[in-house]
Structure formats: structure tokens, C-alpha cells
Amino acid sequence: MPHTRPTITHFIIDEQRRIGGTGAFTSLLADVVTACKMIGSQVNRGALVGVQGIADTENVQGEVQKKLDVLSNEIMLRASVVGGHFAAMASEEMEDVHPIPEGYPRGHYLLVFDPLDGSSNIDVNISVGTIFSILRCPEGVEHPTAADFLQPGARQVCAGYALYGSSTMMVLTTGQGVNGFTLDHAVGEFVLTHPNLRIPAATDEFAINASREPLWEPPVRRYVEECTAGALGPRAKKFNMRWVASMVAEVHRILIRGGVFLYPTDSELAGKGGKLRLLYEGNPMAMIVEQAGGMASTGRRRIMEVEPQGLHQRVPVILGSSDEVRRLIDYHREWDAANPAAA
Ligand code: AHG
């Protein structure tokens with residue numbers, strides 16, 4: 001039976017018509033969507049096209065790049081330059097801002113992205129994804145620098161991710177809720193399969209890299225200990241735990257069935273500010289989660305209100321079902337109040 005669900009392009013056109021947009025945004029998102037389809041295709045073909053393994057280079061954070069990290073970054077840059085809607089781009093894989101080359105039109109938006117999040121999972125065939133965030137280029141700025149990208153997450157005009165999993169999906173928000181689209185390979189289009197995603201407030205599932213337990217701050221340890229104590233503990237219910245080591249997959253699971261994801265600061269990460277990056281991981285995922293009715297916090301403040309100080313700034317991340325995130329914020333507040341010198 002032919003499906004009558006809207007494609008992602010038709011969905012965005014409709015949304016734009018409702019808010020009286022010019023069409024630039026539809027076209028810009030179409031470029032990002034095309035890039036994600038191309039990245040997904042490479043991820044999917046894996047060893048057949050020789051894209052697995054390391055690239056013999058390091059990114060700005062000193063992390064070994066995978067061949068697919070480098071390729072995905074290239075694909076995203078190429079797709080976003082040609083359309084003429086972006087003024088500049090920044091990504092996890094590049095130290096500085098990528099300007100629009102001479103000879104190409106320059107638009108009014110800034111694109112920030114993590115081309116392939118969770119890339120340690122590529123060689124073992126576990127889900128990875130692309131995360132992106134779209135900001136407005138400040139008025140009057142012709143040649144954006146890093147400073148123009150340092151906008152708090154609350155100023156994002158759009159955030160989304162592509163998940164390359166058992167099916168390829170695109171999840172998107174422009175500030176009017178969150179919608180999920182599944183790639184129909186037969187027609188080469190994303191179609192709306194998950195309209196108006198909502199995260200349940202209550203959950204009994206949490207996600208954290210438990211190998212870092214000796215390094216955790218007391219409020220995080222308290223929370224996890226209470227969860228793992230199960231039915232006989234203070235929470236009086238059994239919790240389940242998951243860890244994919246791929247933030248896109250974790251956030252997607254939370255959008256579908258609830259849960260809480262933590263990559264908190266700890267005694268090893270405190271000097272760096274956290275593990276995950278604010279501009280291209282924390283902020284876009286925070287916008288998606290909040291738009292779906294969840295919460296996203298560092299434990300001490302709303303992620304989207306953090307004033308970025310650098311392109312590659314890191315941030316503690318606690319996000320998902322609001323009852324659990326609120327509880328974690330309370331535990332941090334209680335601990336800080338009782339230990340003012342440590343806070
Ligand atoms: P990267 O993009 O460098 O692969 O980072 C993956 C991120 C995130 O997606 C995931 O939640 C976390 O790092 C995994 O960290 P651990 O290695 O500590 O599990």
C-alpha cells in the first residue's frame with residue numbers, strides 16, 4: 001500500500017508556510033538532510049566501501065579520527081556550502097570556523113555539527129549519528145568568526161540528529177515540538193513516522209558510563225545507588241540500565257520510551273568542564289529533549305542557558321524524563337548547599 005505520510009521536505013514547507021518564512025529555511029534543511037542521507041549510506045555500506053578504521057589524524061581535542069569522521073565532515077561541509085544559506089560552519093572535527101569559500105553566496109545562518117557522533121561504535125556495527133544545530137548569523141556580520149557562534153542554546157533556531165541504526169531516522173525541532181522521520185530507501189526520502197514525540201515524565205531506566213563510578217560527584221553516586229538498590233531501596237522500584245556509548249542512540253531511546261542520560265562532570269573531567277561538547281552535542285540535544293517535554297541540565301543549571309566561551313567547550317549533561325532530571329538537580333542543590341566550599 002503506498003504511504004501517504006508527508007516527506008520531511010513537505011513537512012518543513014508546511015511548517016514554514018505557517019510561520020510565514022521565505023523558503024530559505026526549507027532549502028537549508030534540505031541540504032542538511034541530503035548530507036545525512038549521504039553519510040548514512042557510507043555508514044551502511046561500511047567495510048564494503050573501505051570506510052571503517054582510523055584515519056591516522058587527530059581532531060582538535062586530540063582524539064584519533066576515524067575515516068568516517070573525516071568523510072562525514074567533508075560531506076556535510078560540501079552540502080552546506082553549495083546551497084548558499086549558511087554564512088559559516090563549525091564542527092567537532094575542525095579547530096576553527098569553516099568560512100564559505102569565495103565565489104559562493106553567503107546566507108544568514110550558522111551551522112554547527114558533530115558529523116559522526118559515537119564513532120567508536122562504527123567498526124562494531126552499532127548505531128552512530130549526526131547531530132546539528134542551526135543559529136542565526138548576527139546582524140551585519142559578513143565573515144563570521146568563532147565569537148559569532150558563541151550563542152547560548154536557547155537561541156538555536158533548529159536542532160536535529162540523524163540516527164544510522166536498524167533504520168535511518170531524522171529527528172528535528174524548529175521550536176514547535178519534535179518530529180521523527182524514517183528513511184524510505186525505496187523512494188530515497190525521509191517520511192514522517194513519529195509525529196510530535198513526547199518524553200514521559202516518569203521512567204525506570206537510566207544511562208551512564210558506570211566504569212567512571214569512582215570519579216563521580218556525590219549527588220550522581222547517590223542517584224545511581226538509589227536506582228540500583230531497586231525495590232528494597234529508597235526509590236522502592238526496580239530500575240534498568242543501558243549504555244550504548246552513542247549519544248544519538250541514547251537520546252533516541254529516551255524520546256521513544258523515556259529514560260535519563262547522564263554524562264556528568266567527575267573528578268577527572270572537572271578541569272575540562274565535562275566530556276560532551278556544548279555547541280554540537282549538549283545544546284542541540286537539550287533543545288530536542290525540552291521540545292519533547294523533557295529536561296536538560298548540567299546538574300546545576302539549564303544547559304541551554306550556559307554562555308559558551310569557546311567553540312569546543314565541554315559541558316556536563318543530564319537529560320531526559322523530567323521527574324528524574326529534576327531529582328538529580330535537587331541532589332546537586334542539596335549537596336552544594338551542605339558543602340559550599342566544594343561547590
Ligand atoms: P565521539 O563522538 O567522540 O565518538 O563521542 C561519543 C560521545 C557520546 O556519543 C557518548 O555518549 C559518549 O561520548 C561515550 O563516552 P564513553 O566512551 O565514556 O562511553
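Visitor: Which residues of the lining lie nearest the centre of the largest pocket?
Guide: This is a predicted model, in which local features need pLDDT of at least 70 and side-chain atom pairs count only at pLDDT 80 or more, while totals for chains, interfaces and linings use all residues. Residues are numbered from 1 along each chain as its sequence is written, and side-chain values use heavy atoms, with hydrogens and water left out. A pocket is an open set of points on a 1 Å grid over the protein atoms alone, with protein on both sides within 12 Å along at least five of seven lines, and lining residues have an atom within 4 Å of a point. The largest pocket is lined by 25 residues, and those nearest its centre are Gly 118, Ser 119, Ser 120, Lys 275 and Arg 277.

Visitor: Which elements give two or more residues to the lining of the largest pocket?
Guide: Elements here are DSSP runs numbered from the N terminus, with helices (H or I) of at least four residues and strands (E) of at least two. For the lining of the largest pocket, the elements that give two or more residues are strand S2 (64-66), strand S5 (109-117), H6, strand S13 (260-263) and strand S14 (276-277).

Visitor: How many charged residues does the lining of the largest pocket have?
Guide: The classes are set by residue type, with Ala, Val, Leu, Ile, Met, Phe, Trp, Tyr, Cys and Pro as nonpolar, Asp, Glu, Lys and Arg as charged, and the others, Gly among them, as polar. By class, the lining of the largest pocket has eight nonpolar and six polar residues, and its charged residues come to 11.

Visitor: What volume does the largest cavity have?
Guide: A cavity is a set of grid points where a 1.4 Å probe fits but cannot get out. Grid points are joined across faces, edges and corners, and a volume is the space filled by probe spheres set on the points. The search of the whole structure finds one cavity of 30 Å³ or more, and the largest cavity has a volume of about 60 Å³.

Visitor: Which element gives the most to the lining of the largest cavity?
Guide: The lining of the largest cavity consists of Phe 11, Ile 12, Glu 15, Leu 29, Leu 172, Thr 173, Thr 174, Gly 177 and Asn 179. Two or more of these residues come from each of helix H1 (8-19) and strand S8 (168-173). With three residues, the element that gives the most is H1.

Visitor: How many of the 14 residues of helix H7 are buried?
Guide: Among the buried residues of H7 are Leu 278, Tyr 280, Glu 281, Asn 283 and Met 285. Helix H7 (residues 278-291) is largely enclosed by the rest of the structure, because its buried residues number 12.

Visitor: Which cysteine has the sulfur nearest to that of Cys 158?
Guide: A disulfide is counted for a pair of cysteine sulfur atoms within 2.5 Å, and by this rule the count comes to zero. Cys 158 is in no disulfide, and the nearest cysteine sulfur, 11 Å away, is that of Cys 36.

Visitor: Is Ala 245 buried, exposed or partly exposed?
Guide: Ala 245 lies in the loop between strand S12 (240-241) and helix H6 (247-257). Although Ala 245 is not a glycine, it has a positive phi of about 65°. Its relative accessibility is 37%, so Ala 245 counts as partly exposed.

Visitor: Over the ring of which residue does the charged end of Arg 222 sit?
Guide: A charge sits over a ring if NZ of Lys or CZ of Arg is within 6 Å of the ring centre and within 35 degrees of the ring normal. The charged end of Arg 222 is 3.6 Å from the centre of a ring, and that ring belongs to Tyr 331.

Definitions and conventions
Buried means under 20% relative accessible area, exposed over 50%, partly exposed in between (1.4 Å probe, protein chains only).
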